[in-house]
Amino acid sequence: MPVTYGCTDDWTWQNNEGSVFAILARNPKKLVAQRSRNSGGDLPRAALFVRFHIVNHNGRIEKSVSAHQGACLTAQWGPDGAGLLTAGEDGFVKVWSRNGLLRSTIVQSDAPCYSTSWSPDSGAVVYAKGDALVIKQLNSSDKVSQWKAHDGLILCLAWNPNNNLIVSGAEDGFFKIWDPFSQLISASVKHDHPITSVCWAPAGDLLAVGSFNLIRLCNAGGWSHCLDRPSSGSVYSLGWSSDGTQLAAACANGHVLFAHIIDREYEWNNYACAQTARKVIAIRNILNDQSDLLDYPDRVIQVALGFGYMVVATVKQCFIHKLSSWNTPVTCDLKEGTISMILISESAASAIAPILTNIFNEILMFGCIPTDWMKSTIVLLHKKGEKGDINNYIPISLMSNIYKVFSKIILSRIAVTLDENQPKEQAGFCGKFSTIDHIHVRQVLQKYQEYNKTYYIGCVDFQKAFDSLEHEYIWKALRCQGVQMKYIRTLSTIYSGSTAEAKLEATGEPFSIQRGVRQGDPISPKLFSVVLEMIFRNLEWEYMGLNINGEKLNHLRFADDLILFSENSKGLEKMLQQLSDESEKAGLTMNLSKTKIMTNAEPTDLDTVRVNNEEIELVTEYIYLGQLISPTNTMNKEIDRRITNTWKKYWSLSEIMKNKEMSLKSKRIVYNMCILPCLTYGCQTWALTQQLSNKIKVCQNSIERSVVGVKRKDRVNLEKIKNKTKFKNAHSVCKKLKWRWTGHMLREKKEKWTRLITEWYPRGNKRSKGRQHKRWEDDIKQIAGAKWTRIARDRETWKSLEEAFVAGQAVTNNNPIADDIICMCIVERSSLSVYSYMGRLLASPRWSGMRPESLGRAAVSLGPDVLAVVDHADKKGDSSDNAVTKITHKMTVATVALCQTGPSNERQLALLDSNRDLYVVTVKDNKMKCLKLGSQILSVVWSAETDLLVGLRANSVVAWCCARAANQPDWLSLTTVCKEVSDLGRNPILQSVYEGIVHICKGNGSLLHVSLVAFQEKMLKHVAANRWEAAVQLCRTVEDDNLWACLAVLAWQHRQLAVAEEAFALIRQYHQVSYIQHLRVVN
């Protein structure tokens, strides 16, 4: 944290932690601190009577310099830290080197100089001369600029390095804000006492003012945010911390006051947040009145809100909150602890969306598929064994990412229709289903065994199921299940021209794909489910299977994992034969060597089962969806399998888990995310006895001992090991997952076999004598009672019983969140860093003469794919990233603003120069040219949703609806909207544009909302989404010439000639109509 130094009334030098560093020789008038750009530390220096001392961090005086004949009244380091500026009672203004050597005497005057300040580029100084301000250039012969600023002696002044504004305070009780051309920007109300100190915040957005028993905090326009009246006497000096969050005040009573800036408010759409304390931010969604207080480990430095995210920077870390789930932020470490600003941008996906929309619509309309979409590359990855055996390789298919987007769109449109056609027997690739739903089939086997009923199970395997489907059968199945023909035609066209090429050491020749679904295609799993459903619809199994409360359970399927049920061998044989025959029509072949049957019938009653005259193997156990099922009690074997797989996973991660240099926190994350799921998979269906529970506990205890490197013979207390590792308790996780899944399963509205099986008991048979095996629901009944199925339907009651079921063990959830890659920019003291919203560093742009510490918000703009920065070494140009590109302008650039929408190659940059002329330039154009839009513009902002550009003049607001028409003045004037606005005050600022409503911060700090171009922005959204019919209908409804003109220009730019012809005709641009008609005749 930056250290602030002050002098007390006993002439001792202290920091903000209360430590005394040195006792000074005389009572100092002012203290200044030099920021070392190399070490990042603060080197304080004191300005004394006649001379000043150079003091190190330990408080030892390194050098004393005789500065002036009389008191040295002020001292300030230059923005680059290379020179020290002093002024004294002798009327001299001098520049000193870092080592205390005199470089030059700038001013020699008879009157005392009470204050002076550097210009942002260190090329000029401003100093007080009585009641006047004087600006003197250091490296040129330019005329000295002098004007009367106050009616009394000027006591203090400051020149902001970011917004280039000068503030002055005088004995007349006023503080005033000026631009470098002596133009008054703002003047305060008259205070009761002289203004004794002023200081700009490092970011230039806040101004601190001190007077007798008064400290005032203002915005950059001079409007007062708050006022405090400490009993401190006159405030002689004010200083900000380098991050702009803390303020220090040196007072006449010898005290130094410290303050932290809070209550900063931010708004975006329906979200609002405010910093309520040093480490606390309050956030609220005003639509549903959802609110929360977010605590941070360190004090908050900067906050940015917008585009669906809130980014909070503290001293050490950056927290990235997604507004839809703000309690689970992504964090990243910062390079430095000093951040001047955070910029966030719109998703890059929104920029490319209009282009893809046009392409996808044309494909669906005309059926023309890009050839690249039908190509795929099959990469062969070696698994194990001999590399010369092709069976030891895994094929991975790579295809166009744009096609995958298109395929997902098709899938989203037909998914509802396909899901409605899927029965409850299918759990694969269906919403609200999981493997647990079908693993729970173990309940059928256990209940049949308990009530001495016979069952036969057939476990079916297909040979290369996904690669064998007949394409015509796929289209037939889609038609039968109600999918629209335009989607079937599109998919058929893609499959008819599909080719692939294999790649191992070299790439083979392309070959056509005649069968099967495309590997890696998002829609392929659904197509397989459609075909399988078509097969089962053709089977006559209505009266086959097991009777479950009057319904027949004859099969379950999870994608291509099928399991058939029957009460006798003949029924199972008939079902297998019918399935084999019908599957062959779709191209599927049953793998009879891997298809198995299983039964609980007595060995003397067993009958063989044959399919295609081949006997099917009888087994006593089978692995179904990763869980072992068997007619006998399988819990012991299944738990042993889980423990074995857990140890295999542990030793595969031994480089992490056994690494002594790896922190326990990292090992804990790996254990919870990678190892624990191996142990608890399928635990929702387990009936755990005390013996099985102990096995799970022993496994975890052994793993924890192995992690910390302790053996049993070392006799280390187990509780000490667990307190050290803090791993999740595996047994508690199993019980909690089972309890929660049970409640969810019984409350589920969707009909599933899981609930039917749970509530069903066989009838007509008696249970065997003697002690029964533990049932799945026994431990649940111990907590919830015999009516547990009814209690589970009450969510709150069921949740209240969870703690008792888990026996008080707490389980936390650390699921990571996924997100799109969207950019944000963090400006620190010596670097710029571009991050994704997942906290990944994307770029650190650099260029010659780069000075990030002097950048203001007007000098930096971030787009979805471009970063624009005003180059302070050459203010007539600005740099645009990715690869740094220089854009040169004839005048000094004051403000830059990047458009947030549209494709990357059409990204526009708005430039506002020192003459207040507004220009636009396409940043990725081969021949970049600055095109003028208007003059006398005070502020400019782009709409966050469209290409609408809005500028603010002294008494009006201007909107350019088609800024790309700047090269055609006639069209530009037709598409420009101007509205008179009065009483804006001095230095008003545009804040944002949303839904055509312009939000303005007036000179007095109040907010003004002006409805300017609501219909124009709505039409721009239609055009961006390629909804030309909706845009035309909007224009016909509103009947506004400006709206028709915007549509005409946009339609011409997008080559929508029919729309452009109608629009130009209605605004009486008949020459353009004739030209369009000529083009049609020529074409």
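This is a predicted model: local features need pLDDT of at least 70, side-chain atom pairs count only at pLDDT 80 or more; totals for chains, interfaces and linings use all residues.
Residues are numbered from 1 along each chain as its sequence is written, and side-chain values use heavy atoms, with hydrogens and water left out.

**Surface patches**

- The nonpolar patch is formed by L381, I394, I396 and L398, which together have about 320 Å² of accessible area (Shrake-Rupley method, 1.4 Å probe, with only the protein chains shown counting as cover for residues).
- Patch residues have over 30% relative accessible area and no salt bridge, with nonpolar side chains joined within 5 Å and like charges within 9 Å; a salt bridge is a side-chain nitrogen of Lys or Arg within 4 Å of a carboxyl oxygen of Asp or Glu.
- I396 lies in strand β36, and I396 counts as partly exposed because its relative accessibility is 34% (buried is under 20%, exposed over 50%, and partly exposed in between).
- A patch of positive charge on the surface gathers K658, K660, K711 and K713.
- K713 is found in the loop between α12 (690–708) and α13 (718–725), and K713 counts as exposed because its relative accessibility is 66%.

**Strand pairing**

- Strand β35 (residues 375–382) runs parallel to strand β38 (residues 499–503), and five bridges join them, where pairing requires that DSSP finds at least two bridges.
- I378 has A502 in β38 as its bridge partner.
- Strand β39 (residues 511–512) runs antiparallel to β38, joined by two bridges, and F511 in β39 stands opposite A500.
- Strands are DSSP runs of E with at least two residues, and helices are runs of H or I with at least four, numbered from the N terminus.

Methods: Buried means under 20% relative accessible area, exposed over 50%, partly exposed in between (1.4 Å probe, protein chains only). Lys and Arg count as positive and Asp and Glu as negative; His and the chain ends are not counted. The place of a charge is taken as NZ of Lys, CZ of Arg, CG of Asp or CD of Glu.
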